[in-house]
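Please read them with the model open.

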Amino acid sequence: MGCGGSSRKKAQEINKKLKKPEAWTHAQPLTEAQLKKMREEFWDTAPYYGGEKEIWDALRAAAESDLKFAQTIVDSAGIVVTSADMTTCYDERGAKYELPKFVLSEPINLIRDS
């Protein structure tokens with residue numbers, strides 16, 4: 001038997017402090033518009049991969065925030081981050097959420113729109 005707060009305490013012990021994803025390169029150079037479209041398509045379809053819509057919403061907010069605010073979001077939502085770059089996360093019920101690097105950072109071969 002455990003107390004009601006034991007699962008949250010255990011999640012906080014496992015949770016990693018967030019860090020920026022490592023630099024990455026897309027197979028072909030992307031424009032900012034193409035990257036934005038890829039991100040929108042991912043977030044629009046993410047809830048269909050399983051898990052809770054509220055957790056997907058929190059992950060999106062965290063992915064689009066600076067690291068300090070992102071940490072606050074994942075902690076508040078009870079999201080367990082098993083990879084510090086947020087590519088693999090779990091909710092308190094154990095559902096897995098995998099985020100592609102393109103929603104977390106820009107590729108080094110991004111073509112800036114003029």
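1. Ala-58, Ala-61 and Ala-62 of α3 meet Ala-70, Ile-73 and Val-74 of α4. Contact here means heavy atoms within 4.5 Å. By class, this contact has six nonpolar, no polar and no charged residues. Ala, Val, Leu, Ile, Met, Phe, Trp, Tyr, Cys and Pro count as nonpolar; Asp, Glu, Lys and Arg as charged; the others, Gly among them, as polar.

2. The model is predicted: local features need pLDDT of at least 70, side-chain atom pairs need 80 or more, and totals for chains, interfaces and linings use all residues. Numbering starts from 1 along each chain as its sequence is written, and side-chain values use heavy atoms, without hydrogens or water.

3. The axes of α3 and helix α4 (residues 67–76) come within 8 Å and cross at roughly 165 degrees. α3 is therefore roughly antiparallel to α4 (angles over 145 degrees count as such). Axes are lines fitted to C-alpha atoms over the stretch in contact, with angles from 0 to 180 degrees between N-to-C directions. Helices are DSSP runs (H or I, at least four residues), numbered from the N terminus. The crossing of α3 and α4 is left-handed (the near helix is turned anticlockwise from the far one by less than a right angle).

4. Helix α2 (residues 32–45) and helix α3 (residues 53–63) have axes that come within 10 Å and cross at roughly 155 degrees. So α2 is roughly antiparallel to α3. Their crossing is right-handed. Glu-40, Phe-42 and Trp-43 of α2 make the contact with Trp-56, Leu-59, Arg-60 and Ala-63 of α3. The classes here are five nonpolar, no polar and two charged residues.

5. The largest pocket has a volume of about 160 Å³. Of its 14 lining residues, Lys-19, Pro-21, Ser-65, Leu-67 and Leu-104 are the closest to its centre. α3 and α4 are the elements that give two or more residues to this lining. The lining divides into nine nonpolar, one polar and four charged residues. A pocket is an open set of points on a 1 Å grid where a 1.4 Å probe fits, with protein on both sides within 12 Å along at least five of seven lines; lining residues have an atom within 4 Å of a point. The volume is the space filled by probe spheres set on the points.

Methods. Angles under 35 degrees count as roughly parallel, over 145 as roughly antiparallel, 65 to 115 as roughly perpendicular and the rest as oblique.
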